[in-house]
Amino acid sequence: MRVAVLSGKGGTGKTFVSVNLAATAKNAVYIDCDVEEPNGHLFLKPTYTNESPVYTLIPEFDAAKCTGCRKCVEFCRYNALVFVREKPMVFSEVCHSCGGCALLCPKDAVSEKPHSVGAVEEGTAGSVRVVTGIMNTGEVLAVPVIKAALRAGAGAEELTVIDCPPGSGCPVMESVMNADYCILVTEPTAFGFHNFQMVHKLVTLLGKPCGVVVNKTEEAYAPLEEFCAAHRTPVLLRIPYREELARLGATGQIAAEQDEETAALFRKLLTAVQKEGAR
Amino acid sequence: MKIMIPVDDSRETVCVSFGRAPYFLIHNTETGTAELIGNSAAEAQSGAGIKAAQLVVDKGADALVTVRCGQNAADVFKAAGVAIYRADGPSAAENLKALSEGKLSVLTSFHAGFHGKA
């Protein structure tokens, strides 16, 4: 079963929930798809066994073969190509590696060369397999790295926890695309609720069943409660706002392994997710 | 010498955006004529600055007067040898006059792209 954990708003507790859920399940795969700032490894502290680079393909132009027909430049819907001083020029961070320019070139003047965008690290932390996608600083396209991380973590029989990036754009869609179930982590604030509605809309559109974890709960936040009731979205768990959890997090510890109250909460969440996912 | 200026819907005021300006004014200093063209890059989903820069280069401009310009477009202009001047004030006509009098400074700082931020 593949469970994606997302929230819209950053800092609501995606990684907190993902890491604790994977640690509670024991036989689990944890995939960090927040490739701009992967931080699940800070808590799981895996021993890495493998690192593989992630490349995208970027066009290169053979000036001797190019006749300047500009078909490639006109074709590129991302506008990653320009034609200046009688030759094409590529903006690699704008290129989406579709390969259209190479396919279209009537003179076979375009070849595709690998361009490093990040890496995938694989390791283990106890019985949890840890896969971390890391995007190179300065790159803007997260999707190729997310795809590589998901591929590296695929094929597991056990629970797979996909720690998604914040937001609700392409990187999030890619992360949840193959999930069987989605956990929407939110907090009882207007900002948290606003972005929660965005990811709720997204997973509904993608036809994914979902449930809610309300983190940092002090008292019930009425708009959130009303929304969940109206949409028949189950609230799987409420995690109290406790200083002890912040302290454990700040020292890089997994709360469910240190604090019995939290351990019980995550056992409850694991059971609920397995039950919901089996429907 | 051909000078291009991004202008807004009034067709007289310099547009603060380069890549997504609705029109470009092309002034030919030799003939003293002016032409207004639509910016086909304005609606681009990605790489609007790059596409607009292509338009400027294809029109054979020698100089661009703009409020701001992205790094990618600036790279195109550098490769093509198009000079970039910083607009001073909202009027396109007054900017042309200021340029002819040598009163406009060269634009040297460029912003990062807005792509991937949506």
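**Figure 1. Crossing of helices α1(B) and α2(B) in a predicted model.** The axes of α1 (residues 48-58) and α2 (residues 71-80) of chain B come within 8 Å and cross at roughly 25°. Axes are lines fitted to C-alpha atoms, for helices over the stretch in contact, with angles from 0 to 180 degrees between N-to-C directions. Angles under 35 degrees count as roughly parallel, so α1(B) and α2(B) are roughly parallel to each other. The crossing of α1(B) past α2(B) is right-handed (near helix turned clockwise from the far one by less than a right angle). The model is predicted: local features need pLDDT of at least 70, side-chain atom pairs pLDDT 80 or more, while totals for chains, interfaces and linings use all residues. Residues are numbered from 1 along each chain as its sequence is written, and chains are lettered from A and ligands numbered from 1 in the order written.

**Figure 2. Residues where α1(B) meets α2(B).** From α1(B) come Gly49(B), Ile50(B), Ala52(B), Ala53(B), Gln54(B) and Val57(B). Their partners in α2(B) are Asn72(B), Ala73(B), Val76(B), Phe77(B) and Ala80(B). Contact means C-beta atoms, placed from the backbone, within 7 Å. By class, 8 residues are nonpolar, 3 polar and none charged (Ala, Val, Leu, Ile, Met, Phe, Trp, Tyr, Cys and Pro are nonpolar; Asp, Glu, Lys and Arg charged; the others, Gly among them, polar).

**Figure 3. Element order in chain B.** Chain B holds 3 helices and 5 strands, in the order β-β-β-α-β-α-β-α from the N terminus. Helices (H or I, at least four residues) and strands (E, at least two) are DSSP runs, numbered from the N terminus. The C-alpha atoms fill a box of roughly 40 × 25 × 25 Å along the principal axes.

Definitions and conventions
Parallel < 35°, antiparallel > 145°, perpendicular 65-115°, else oblique. Contact = placed C-beta atoms within 7 Å.
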